[in-house]
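Me: I am new to this structure and would like to go through a few of its residues with you, one question at a time.
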Amino acid sequence: MWKKNLFYIGIIVSASGLIGPPLALAAGLAFGLSTVHTFHGESRCLSKFLLQAAVVCLGFGMNLKEVVHAGASGFVYTAISITFALSLGVALGKLLQVGKTQSLLISFGTAICGGSAIAAMGPVLNANEEEMAVSLGTVFVLNSVALLLFPLIGHLMNFSQTQFGLWAALAIHDTSSVVGAGAKYGPTALAVGTTVKLARALWIVPLAIATAMLKKSKAKVAWPWFILYFCFAAVAASYLPRYIPQAVPLFSALNRLGRAALTVVLFLIGTGITRETLKEVGVRPMVQGIALWIVVASLSLWAIHVGWISL
């Protein structure tokens with residue numbers, strides 16, 4: 001009983017605004033690694049819904065011109081980085097003798113958008129529960145490290161908010177951790193990181209369809225509709241206040257609600273990383289995931305630092 005109460009207290013404190021995204025994630029990790037709770041399934045479903053709702057609400061704090069500029073400018077970088085990450089991930093999987101399906105899931109998760117990509121590609125690749133769990137565990141562990149580590153590296157590199165937002169979108173797996181790291185770094189970093197990451201997430205659909213055709217899979221490909229709703233929110237926030245000034249307080253409130261929901265999401269993700277999860281992942285898939293992530297993060301960091309990649 002006390003575990004459930006502690007779990008709910010963590011959700012309430014995370015939603016209250018008393019702690020930021022990194023601390024919420026750290027609290028979730030502490031809970032997940034020190035206790036055993038039986039509501040992982042509920043946490044995962046709730047975190048997925050809250051993440052999508054939070055992204056849409058964050059759209060009410062975005063400027064449409066910035067969204068379009070960041071999305072269009074980041075398209076080429078995204079296409080190149082996805083192709084590179086997938087190719088390198090498959091090569092590392094073969095080198096480390098990781099199972100083909102598991103290797104592909106980790107590669108897709110790193111290349112596109114973490115857990116969302118893995119969840120979408122799993123049915124297409126006919127992945128079993130163990131392969132899904134190992135791949136998701138690998139990505140979630142690295143997400144946690146990135147959220148805590150990336151803002152520190154960004155400050156050490158003297159990155160501007162735009163540079164950091166672009167780097168986070170290209171090098172961090174999940175949208176939740178990109179948004180969390182961007183929010184920690186600053187409002188412009190949040191806007192750039194969220195927009196470029198969502199543009200990246202759209203690649204799930206064509207890649208899933210292409211993979212299904214190659215595999216002759218009949219699995220249904222889920223379209224990430226929340227990205228479209230995010231765009232609608234940005235349009236409303238950019239133009240409606242001209243005609244309905246009273247909408248401004250509402251949009252501001254929705255944006256704050258999105259930030260609060262995101263903090264709860266990161267707490268829930270942290271609680272899902274348990275000692276059992278770490279044992280399930282195993283050495284080889286984790287080495288593949290870490291090696292692929294380090295290469296992608298390092299190359300994108302260097303390219304942004306020398307000016308090869310910019311918005």
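Me: Does Phe159 count as buried or exposed, and at what relative accessibility?
Reply: Please keep in mind that this is a predicted model. Buried means under 20% relative accessible area. Phe159 falls under that cut-off and therefore counts as buried, at a relative accessibility of 6%.

Me: How are the rings of Phe150 and Trp167 arranged as a pair?
Reply: A pair of aromatic rings is described by the distance of the centres and the angle of the planes. For Phe150 and Trp167 the centres are 4.0 Å apart and the planes stand at 10 degrees. Planes under 30 degrees apart count as stacked, so the arrangement of Phe150 and Trp167 is stacked.

Me: Which helices does this pair of Phe150 and Trp167 link?
Reply: The two residues are 17 residues apart and belong to distant parts of the chain. Phe150 is in helix H7 (residues 129-156), and Trp167 is in helix H8 (residues 161-171), which gives the names H7 and H8.

Me: What kind of aromatic pair do Phe159 and Trp167 form?
Reply: Their ring centres lie 6.2 Å from each other, with 90 degrees between the planes. Planes over 60 degrees apart count as edge-to-face, and the pair of Phe159 and Trp167 is accordingly edge-to-face.

Me: Is Ser14 buried or exposed, and what is its relative accessible area?
Reply: Ser14 lies in helix H1 (residues 2-16), and, leaving aside neighbours within four places in sequence, Ser14 is in contact with residues including Ile19, Ala260 and Phe267. Ser14 is buried, with a relative accessible area of 1%.

How values were computed. Residues are numbered from 1 along each chain as its sequence is written. This is a predicted model: local features need pLDDT of at least 70, side-chain atom pairs count only at pLDDT 80 or more; totals for chains, interfaces and linings use all residues. Side-chain values use heavy atoms; hydrogens and water are left out. Helices (H or I, at least four residues) and strands (E, at least two) are DSSP runs, numbered from the N terminus. Buried means under 20% relative accessible area, exposed over 50%, partly exposed in between (1.4 Å probe, protein chains only). Contact means heavy atoms within 4.5 Å. Rings of Phe, Tyr and Trp (its six-membered ring) pair if their centres lie within 6.5 Å; planes under 30 degrees apart count as stacked, over 60 as edge-to-face and the rest as tilted.
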